[in-house]
Amino acid sequence: MPIPLRPHRQTKQQKQKNPLNYLPRSGGDFFAFMKEQLLLAWDIHNQKNLLLIFHLTETALNLSLSSRGRTVAEQLAHMHNIRLNWMENVAKPLYQKSLLLSKEVTLTPAVLTESFKASSTVLRQIIETSW
């Protein structure tokens with residue numbers, strides 16, 4: 001089937017379903033819309049990470065791809081610590097060194113879940129205040 005040279009016209013129902021038709025055109029409304037979308041994307045991203053942690057077993061957390069590499073639990077802890085270290089540079093008042101996971105901590109799904117919830121909340125505050 002040949003590719004049409006001009007796009008077809010959308011029906012009224014298709015236009016109503018398309019979220020881009022509701023994209024604000026003015027400056028202030030546009031930035032509020034983008035902030036809302038960024039917060040929504042962040043929340044979805046964090047929910048997916050928490051879902052992953054929820055479904056990992058203790059055995060799965062201790063698996064590694066190589067003999068010298070990090071385990072799954074260590075990779076998730078590293079992700080959490082990188083979030084916090086980034087906050088130290090971007091939003092010093094919100095940075096809490098006590099939230100960092102040390103290498104001596106036993107990494108369980110409960111510990112990782114609480115850590116991700118804490119770092120996600122602080123990063124959400126950064127997005128809300130910086131926009």
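**Contacts, cores and charges**

Trainee: Leaving aside its neighbours within four places in sequence, which residues is Leu 50 in contact with?
Mentor: Once the neighbours within four places in sequence are left aside, Leu 50 is in contact with Thr 113, Phe 116 and Lys 117, where contact means heavy atoms within 4.5 Å. Before we go on, keep in mind that this is a predicted model, in which local features need pLDDT of at least 70, side-chain atom pairs count only at pLDDT 80 or more, and totals for chains, interfaces and linings use all residues. Residues are numbered from 1 along each chain as its sequence is written, and side-chain values use heavy atoms, with hydrogens and water left out.

Trainee: Which residues make up the largest nonpolar core?
Mentor: There are 12 residues in the largest nonpolar core: Leu 50, Ile 53, Leu 56, Ala 60, Leu 61, Ala 73, Leu 76, Ala 77, Leu 101, Leu 107, Leu 112 and Phe 116. At least two residues of this core come from each of helix 2 (27-55), helix 3 (58-61), helix 4 (72-90) and helix 5 (109-130), and helix 4 gives the most, with three residues. Another core, of 10 residues, lies apart from this one, and among its members are Leu 39, Trp 42, Tyr 95 and Leu 123.

Trainee: And what do those words stand for?
Mentor: A nonpolar core is a set of buried Ala, Val, Leu, Ile, Met, Phe, Trp, Tyr and Cys residues joined through side-chain atoms within 4.5 Å. Buried means under 20% relative accessible area, exposed means over 50%, and partly exposed is in between (1.4 Å probe, protein chains only). Helices are DSSP runs (H or I, at least four residues), numbered from the N terminus. As background, nonpolar side chains tend to be buried together in soluble globular proteins.

Trainee: Where is Ala 77, and what does it touch?
Mentor: Ala 77 belongs to helix 4 and counts as buried, at 7% relative accessibility. Not counting residues up to four places away in sequence, Ala 77 touches Leu 101, Leu 107 and Leu 112. The C-alpha atoms of Ala 77 and Leu 107 are separated by 7.8 Å, with the two residues 30 residues apart along the chain.

Trainee: Which residues of helix 4 are buried?
Mentor: In helix 4 the buried residues are Ala 73, Leu 76, Ala 77, His 80, Asn 81, Arg 83, Leu 84 and Met 87. They cover an arc of only 145° around the axis (taken from the directions from the helix axis to the C-beta atoms), which puts them on the same side of helix 4.

Trainee: New topic: how many salt bridges are in the whole structure?
Mentor: A search of the whole structure finds three, a salt bridge being a side-chain nitrogen of Lys or Arg within 4 Å of a carboxyl oxygen of Asp or Glu. One of them joins Asp 43 and Arg 124, with the closest N and O atoms 2.8 Å apart. That pair links distant parts of the chain, since Asp 43 is in helix 2 and Arg 124 is in helix 5, 81 residues apart.

Trainee: What about Glu 128?
Mentor: Arg 124 and Glu 128 also meet in a salt bridge through their side chains, at 2.5 Å from N to O, and being four residues apart in helix 5, they are separated by about one helical turn. Salt bridges that share partners join Asp 43, Arg 124 and Glu 128 into one network.

Trainee: Which residue does Glu 88 form a salt bridge with?
Mentor: Glu 88 pairs with Lys 92, the closest N and O atoms being 3.6 Å apart. Glu 88 counts as partly exposed at 30% relative accessibility, whereas Lys 92 counts as exposed at 52%.
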